[in-house]
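The sequence and the model should be kept at hand while reading.

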Amino acid sequence: MKQRWHLGLLLLSLAAVLLLVGVLVLIYRFGPGLGSRRLPAPRVQLVRSPNSAYKYHLCAEAYAYLRATPDNPYKTDFTFQDPFRNVQDTIIPHFVAVDAHDRSLSFSVTVILRQLATVEATISHIHELDGIGVQLPDRTNQLQGSSVPQFVVVAIAEPGTVAVLDYTCPQQWHWSAVSARQP
């Protein structure tokens, strides 16, 4: 009789452990909000604004060197108040290539969304005087675009190894949803 009691207690303990492991696996698999919809990873998108120079108030200037090394003293970082979260975000344009045929540039832009992630986006066929707008995810991960590009390529120094960037002032940025048709 005593052995059956110990066996029953052992089986009950084993069942409790299996139940706990099952619950932990479910939480790990589906996240802390079981049944809640998980949002996809945040993304950003870059948009070219042709001939945007001299149309906006400018707040800062930066020099982007072609394939700059990490020890480059000229930083292109620009930090601003995230329009959808109570944090400061940072955009960092990197000048990566020049197309000598049409004198266009390619950029990779790192966007540090402080509460979400660090995201990379690329854009090419940017000419002197073009603006680059960064579309950001709102709280529901819907892309929002600004009425004003975040920075403008105001000059390409000869022989095409330095791009002069002017950042527009964040007070001018008015955000609205991006239509699904945009790339």
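The sections below describe the overall fold, the aromatic pairs, the pockets and a few individual residues.

## Overall architecture

The structure is a predicted model. Its protein chain contains one helix and 11 strands.

Of the 183 residues in the protein chain, 38% count as buried. Among the contacts with a separation of 6 or more, 59% are made by residues 24 or more positions apart. The accessible surface of the protein chain amounts to about 11500 Å², and carbon and sulfur atoms account for 60% of that surface.

## Aromatic pairs and the aromatic cluster

A pair of aromatic rings is described by two quantities, the distance of the centres and the angle of the planes. Two rings are counted as a pair if their centres lie within 6.5 Å. By this rule the structure has 10 aromatic pairs. One of these is formed by F78 and Y167, whose ring centres are 4.4 Å apart and whose planes meet at 10 degrees, so the pair is stacked; the cut-off for stacking is an angle under 30 degrees. F78 belongs to strand β3 (residues 78-81) and Y167 to strand β10 (residues 162-168), so this pair ties together parts that lie 89 residues apart in sequence.

Are F78 and Y167 buried or exposed? Both residues are buried. The two also take part in one aromatic cluster, which is made up of F78, F80, F84, F95, F107, F151, Y167, W173 and W175.

## The largest pocket

Rolling a probe the size of a water molecule over the atoms shows where empty space is left. The largest pocket has a volume of about 190 Å³. It is lined by 17 residues, and those closest to its centre are A68, N72, T76, P93 and H94.

Strands β2 (58-65) and β4 (88-99) each contribute at least two residues to the lining of the largest pocket. The largest share, five residues, is supplied by β4. By class, this lining consists of 10 nonpolar, four polar and three charged residues.

## The second largest pocket

The second largest pocket has a volume of about 150 Å³. Its lining comprises 16 residues, of which V47, G133, Q135, G145 and S146 are the closest to its centre. Two or more lining residues are given by each of the elements β1 (45-49), β7 (131-137), β8 (143-146) and β11 (175-177). Strand β7 provides the largest share, three residues.

How do the residues of this lining divide by class, and which number of them is charged? Seven are nonpolar, nine are polar and none is charged.

## Residues in the loop between β2 and β3

P73 is placed in the loop between β2 and β3. Its relative accessibility is 68%, so P73 counts as exposed, the cut-off for this class being over 50%. P73 and Y63 are separated by 10 residues in sequence and by 9.9 Å in space, C-alpha to C-alpha.

R67 is also found in the loop between β2 and β3. With a relative accessible area of 58%, R67 is exposed. Most residues other than glycine have a negative phi. The phi of R67, however, is near 50 degrees, a positive value in a residue other than glycine.

## Residues within strands

H125 has a positive phi as well, of about 60 degrees, although it is not a glycine. H125 lies in strand β6 (residues 117-126). The relative accessible area of H125 is 46%, and the residue is therefore partly exposed.

T79 is found in strand β3. Its relative accessible area is 41%, so T79 is partly exposed. Leaving aside neighbours within four places in sequence, T79 is in contact with Q88, D89 and T90. T79 and I112 are 33 residues apart in sequence, and their C-alpha atoms are 9.1 Å apart in space.

Technical notes:
Residues are numbered from 1 along each chain as its sequence is written. This is a predicted model: local features need pLDDT of at least 70, side-chain atom pairs count only at pLDDT 80 or more; totals for chains, interfaces and linings use all residues. Side-chain values use heavy atoms; hydrogens and water are left out. Rings of Phe, Tyr and Trp (its six-membered ring) pair if their centres lie within 6.5 Å; planes under 30 degrees apart count as stacked, over 60 as edge-to-face and the rest as tilted. Helices (H or I, at least four residues) and strands (E, at least two) are DSSP runs, numbered from the N terminus. Buried means under 20% relative accessible area, exposed over 50%, partly exposed in between (1.4 Å probe, protein chains only). Contact means heavy atoms within 4.5 Å. Accessible areas come from the Shrake-Rupley method with a 1.4 Å probe; for residues, only the protein chains shown count as cover. On a 1 Å grid over the protein atoms alone, a cavity is a set of points where a 1.4 Å probe fits but cannot get out, and a pocket is an open set with protein on both sides within 12 Å along at least five of seven lines; lining residues have an atom within 4 Å of a point. Grid points are joined across faces, edges and corners, and a volume is the space filled by probe spheres set on the points. Ala, Val, Leu, Ile, Met, Phe, Trp, Tyr, Cys and Pro count as nonpolar, Asp, Glu, Lys and Arg as charged, and the others, Gly among them, as polar.
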